[in-house]
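My notes follow in the order in which I checked things.

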Amino acid sequence: MKRTISISFFALLLLPVVALGQNNTALPNAPSAQTTLGTSDDASKMGQPTTDPPTSTVAIDPSTVQPAPATAAEFGLRDKFHYYLTETYFNPSTITAPAFRAGLRMANPPDKGATQYPPEWRQGAEAFGRNYGDALAERASFQTARFVTGAMTREDPRYLPSGHKNILGRSLYALSFTFVDRSDSGHPMPALSNFVGAAAGGFVGNTYLPADFNDVTHAGQRATLRFGFFAAGNLFREFAPQMPRPLRTFFILIAR
């Protein structure tokens with residue numbers, strides 16, 4: 001389990017490096033305009049319009065352009081509810097991300113020896129179903145608690161990209177946004193919804209996980225891990241626009 005967590009965090013921490021490499025890609029020089037002076041024999045052609053030189057043919061990926069965030073007045077309770085439904089249920093990662101996590105959990109069961117997951121949670125299709133259901137429940141609990149808390153405290157659930165230009169400043173901003181985000185009015189505030197959501201995602205497993213894994217200690221560990229993955233998700237949101245599309249889609253499908 002620790003090895004799986006380390007690999008996941010290492011992959012997410014590489015996102016800024018990948019994005020930086022994409023940002024440093026040179027664009028071709030735009031062609032310069034040329035002005036042609038006519039002679040006396042070409043005086044009759046002076047009144048004719050000239051053809052503009054060709055422009056650059058480099059395509060711009062619209063998905064990499066970050067739209068300007070909506071104002072607070074535009075993002076009310078209905079918008080928050082729609083955002084919650086989209087993030088939790090109405091996207092492909094609703095199916096793929098829990099499946100990916102269930103596979104990792106079965107390949108690397110928590111703890112070892114006598115304290116390891118029992119066989120019915122480690123072997124066969126039924127074990128996969130149990131771990132898949134656990135991942136779904138944790139995901140839904142986290143998002144639901146985050147939505148309810150944000151609605152009560154008037155907290156904007158969206159990630160606001162930084163205005164920094166260097167990789168270190170952007171990374172520190174993304175990580176700090178996990179602890180301090182924005183209110184509906186645009187002012188900084190403690191990210192209460194993130195803490196409550198992480199706690200809900202960690203403690204929901206106490207209702208169905210096997211013995212020795214449904215106590216407060218393990219619930220706290222799961223909540224801490226959930227909060228850490230949300231911080232890594234903010235790193236992804238910050239650098240995703242500069243990432244190659246296949247890599248960006250891969251991370252969305254396994255970790256959203």
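I began with the classes: the lining of the largest cavity has five nonpolar, three polar and three charged residues, where Ala, Val, Leu, Ile, Met, Phe, Trp, Tyr, Cys and Pro count as nonpolar, Asp, Glu, Lys and Arg as charged, and the others, Gly among them, as polar.

I note that this is a predicted model, in which local features need pLDDT of at least 70 and side-chain atom pairs count only at pLDDT 80 or more, while totals for chains, interfaces and linings use all residues. Residues are numbered from 1 along each chain as its sequence is written, and side-chain values use heavy atoms, with hydrogens and water left out.

I searched the whole structure and found one cavity of 30 Å³ or more, a cavity being a set of points on a 1 Å grid over the protein atoms alone where a 1.4 Å probe fits but cannot get out, with lining residues having an atom within 4 Å of a point. Its volume is about 90 Å³, taken as the space filled by probe spheres set on the points, which are joined across faces, edges and corners.

I then listed the lining, which includes Lys80, Tyr83, Tyr84, Arg146, Phe147 and Glu155. Helix H3 (77–88) and helix H5 (124–153) are the elements that give two or more residues to this lining, and H5 gives the most, with five; helices (H or I, at least four residues) and strands (E, at least two) are DSSP runs, numbered from the N terminus.

Last, I counted nine helices and two strands in the protein chain.

Notes:
On a 1 Å grid over the protein atoms alone, a cavity is a set of points where a 1.4 Å probe fits but cannot get out, and a pocket is an open set with protein on both sides within 12 Å along at least five of seven lines; lining residues have an atom within 4 Å of a point.
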